[in-house]
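Please look through the structure shown here with its aromatic rings and one of its helices in mind. The report that follows takes these topics in turn.

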Amino acid sequence: MQSPMPAASTVPDIVSPRLILRHLTPAMLRASMEARLAEAARWLGAPLPISWLEEAAVMSLRLEQMENEPEYAPWSMRAMLRREDGQLVGHINFHTCPGHAYLQGRGDVELGYTVLPAFRRQGYASEALLACAGWAVETAGVKRFVLSISPDNLPSQALAASLGFQWLERVDDPEDGPEDVLVADWPFTRQHHV
């Protein structure tokens with residue numbers, strides 16, 4: 001007997017030229033965290049690689065946030081699905097609703113993302129960041145965005161620079177270690193590096 005399908009998300013997709021950014025409901029996150037990948041994949045409409053289970057920590061964090069703050073749901077974790085074939089290429093999320101105190105005035109919202117290894121260096125992170133930022137501007141009037149990136153993550157550092165993010169400070173995150181805090185105002189200034 002098949003497990004019942006999780007409730008479909010009431011949060012609309014964010015669509016960009018190559019991606020669908022689909023909100024992951026609490027039921028879908030629970031199914032993923034419990035390694036019920038077939039059930040989660042049916043809901044998502046895309047196969048989920050076994051490596052998806054490696055994202056359990058962020059899934060757990062975002063699930064807890066949605067349970068404690070229902071208004072956070074539209075800002076929570078979204079699957080990056082390739083429009084042409086529904087392939088999962090990564091995920092993206094806002095760390096909180098706009099204006100959260102933890103940002104300490106650095107910006108309105110912080111974004112985080114992961115692109116699965118097989119799909120890196122193909123522009124998916126940039127496209128997802130631009131689509132989510134545009135959505136945040138339209139939805140909540142967000143003006144300033146924050147990224148926290150490990151100093152050793154050179155591809156993400158280069159991506160941030162190409163979108164006009166500027167270094168603000170280095171912090172020592174208790175979970176992730178040293179991170180550079182970068183900020184950019186909307187609209188982002190696209191810069192092409194040679």
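## A charge over a ring

Arginine 78 lies over the face of tryptophan 135, at 5.3 Å from the ring centre, where a charge counts as sitting over a ring if NZ of Lys or CZ of Arg is within 6 Å of the ring centre and within 35 degrees of the ring normal.

The model is predicted, and local features need pLDDT of at least 70, side-chain atom pairs count only at pLDDT 80 or more, while totals for chains, interfaces and linings use all residues. Residues are numbered from 1 along each chain as its sequence is written, and side-chain values use heavy atoms, with hydrogens and water left out.

## Aromatic pairs

A search of the whole structure finds 7 aromatic pairs (rings of Phe, Tyr and Trp, the last by its six-membered ring, with centres within 6.5 Å; planes under 30 degrees apart are stacked, over 60 edge-to-face, the rest tilted). The rings of tryptophan 75 and phenylalanine 94 have centres 4.9 Å apart and planes at 75 degrees, so this pair is edge-to-face.

Both tryptophan 75 and phenylalanine 94 are buried (under 20% relative accessible area, with exposed over 50% and partly exposed in between, using a 1.4 Å probe and protein chains only). Phe145, Phe165, Trp186 and Phe188 form one aromatic cluster.

## Helix α1

In helix α1 (residues 26-33), Met28, Leu29, Ala31 and Ser32 are buried; helices are DSSP runs of H or I with at least four residues, strands are runs of E with at least two, and both are numbered from the N terminus. Seen down the axis of α1, the buried residues fall within an arc of 160 degrees, so they line one face of the helix, the arc being that of the directions from the helix axis to the C-beta atoms.
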